[in-house]
Amino acid sequence: MIVPEFDYLTPQTLNEACALLGEYGSRAKVLAGGSDLVVKMKNGLLKPDYIVSLKNLQDLKGIRYEAGTGVIIGARTTHNRVVENEILRERFPSVSAAAGTMAAYQVRNIGTIGGNLVNAVPSADMPPILIALSAKARIVGLSGERLVDLEEFFLGPGKTVLNQDEILAEIIIPDQATTGSSYIKFGLRRAGSLAVAGVASSVMMDGEMAEDVRIVLGAVAPTPLRAREAEAVLRGKKVSQELIEQAGKIAAAESKPITDIRGSAEYRRHLVDVLTRRTLKTAIEKGHV
Ligand SMILES: Cc1cc2nc3c(=O)[nH]c(=O)nc-3n(C[C@H](O)[C@H](O)[C@H](O)COP(=O)(O)OP(=O)(O)OC[C@H]3O[C@@H](n4cnc5c(N)ncnc54)[C@H](O)[C@@H]3O)c2cc1C
């Protein structure tokens, strides 16, 4: 299908981009890698009059570490950069690994981490692991900037807290005492398929004691979901196989899956049980993978 006509705008600064978004309102759309936006335009699902490309905003690209803050990932960073980046591989390899589960190499070469989050698709792979690591979104708009916990970023399928004039600039994974984290996605093919369910867990272990636990479920609710009751099963306790199994069952009960073409609600609940147990075990035993 042919993409409908639009004006292509290439702001040189973030402020200029926000001003354009503010001026044109719902008639404008941000373009990062275009792996989702262009497909929607080709399929006639979106017909923006203005495309505001982020391609000249070099500050939104790249990954750096700032002591006292953490790892900062520019929203325009592609998935392949997240997979290959040494800082992430050393500090949070579970994030690199999650990016590596997505799509095919070619799509990972154009798709960005920011686009993956703003898209707010329930099955997206990056939100669960980033939320499990308490990541924050740095959002810039006409009235300034704000930091939002990624856990609060998603409002529903395709909906985020971003206002019309706002751009997701960076994702910050804060320095933390987390000792291990893991994301496992179950797709219908071994590679390149969307998650039927995905679970991320992070733990802060002190010997055999789980001082803190975060479990985040993907593709089983309208937004990524913290399994807080399952977390409470382990938090402050000496870890045992029995408690891990209990946490898996409770996480499954907390999930709110639907039945669709990729799997039934019942099957998804079963997957949440299995993946919660596996990610917890990995995070506890092996650290970040
Ligand atoms: C074949 C294929 C396979 C895929 N497989 C997977 C998969 O396995 N797992 C998965 O999670 N996803 C998958 N995706 C979805 C998609 O590739 C990713 O979500 C990708 O990260 C989107 O990034 P992008 O830069 O291409 O976004 P774009 O298409 O450029 O933008 C997506 C949306 O986000 C907005 N946007 C982008 N960046 C910003 C920003 N910085 N600030 C404000 N708004 C912004 C755009 O306006 C648009 O609404 C797949 C897509 C394709 C085509």
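This is a short walk through the structure above, from the whole chain down to single residues.

Before setting out, keep in mind that this is a predicted model, where local features need pLDDT of at least 70, side-chain atom pairs count only at pLDDT 80 or more, and totals for chains, interfaces and linings use all residues. Residues are numbered from 1 along each chain as its sequence is written.

Let us begin with the whole chain. Its secondary structure comes to 11 helices and 15 strands; helices (H or I, at least four residues) and strands (E, at least two) are DSSP runs, numbered from the N terminus. The chain has a radius of gyration of 19 Å, close to the 19 Å that the globule rule gives for 289 residues, so it is as compact as a globular protein of that length. Here the radius of gyration is taken over C-alpha atoms, and the globule rule is 2.2 Å times the number of residues to the power 0.38. Along its principal axes, the C-alpha trace spans about 60 × 45 × 30 Å.

How much of the chain is buried? Buried residues make up 48% of the 289 residues. A residue is buried if 20 or more other C-beta atoms lie within 10 Å of its own, exposed if 12 or fewer, and partly exposed in between, with C-beta atoms placed from the backbone.

Now look for an open sheet of 3 strands, which has the order 1-3-2 and parallel pairing. Strand 1 (7-9) and strand 2 stand at the edges with a single partner strand each, so one side of each is left without a neighbour in the sheet. Two strands pair if DSSP finds at least two bridges between them, and strand 2 and strand 3 (residues 50-53) pair over 4 bridges.

With 16 other C-beta atoms within 10 Å, Gly22 is partly exposed. Leaving aside neighbours within four places in sequence, Gly22 is in contact with Leu142, Gln164 and Asp165; two residues are in contact if their C-beta atoms, placed from the backbone, lie within 7 Å. Gly22 and Gly141 are 119 residues apart along the chain, yet 8.7 Å separates their C-alpha atoms.

Finally, turn to the ligand. Which residues come nearest to the ligand? Of the 28 residues around it, they are Ala32, Gly33, Gly111, Gly115 and Asn116. A residue is near a molecule if its C-beta atom, placed from the backbone, lies within 6 Å of it. Elements that give two or more residues to this shell include strand 2 (28-31), helix 6 (105-110) and strand 10 (167-174). Helix 7 gives the most, with 5 residues.
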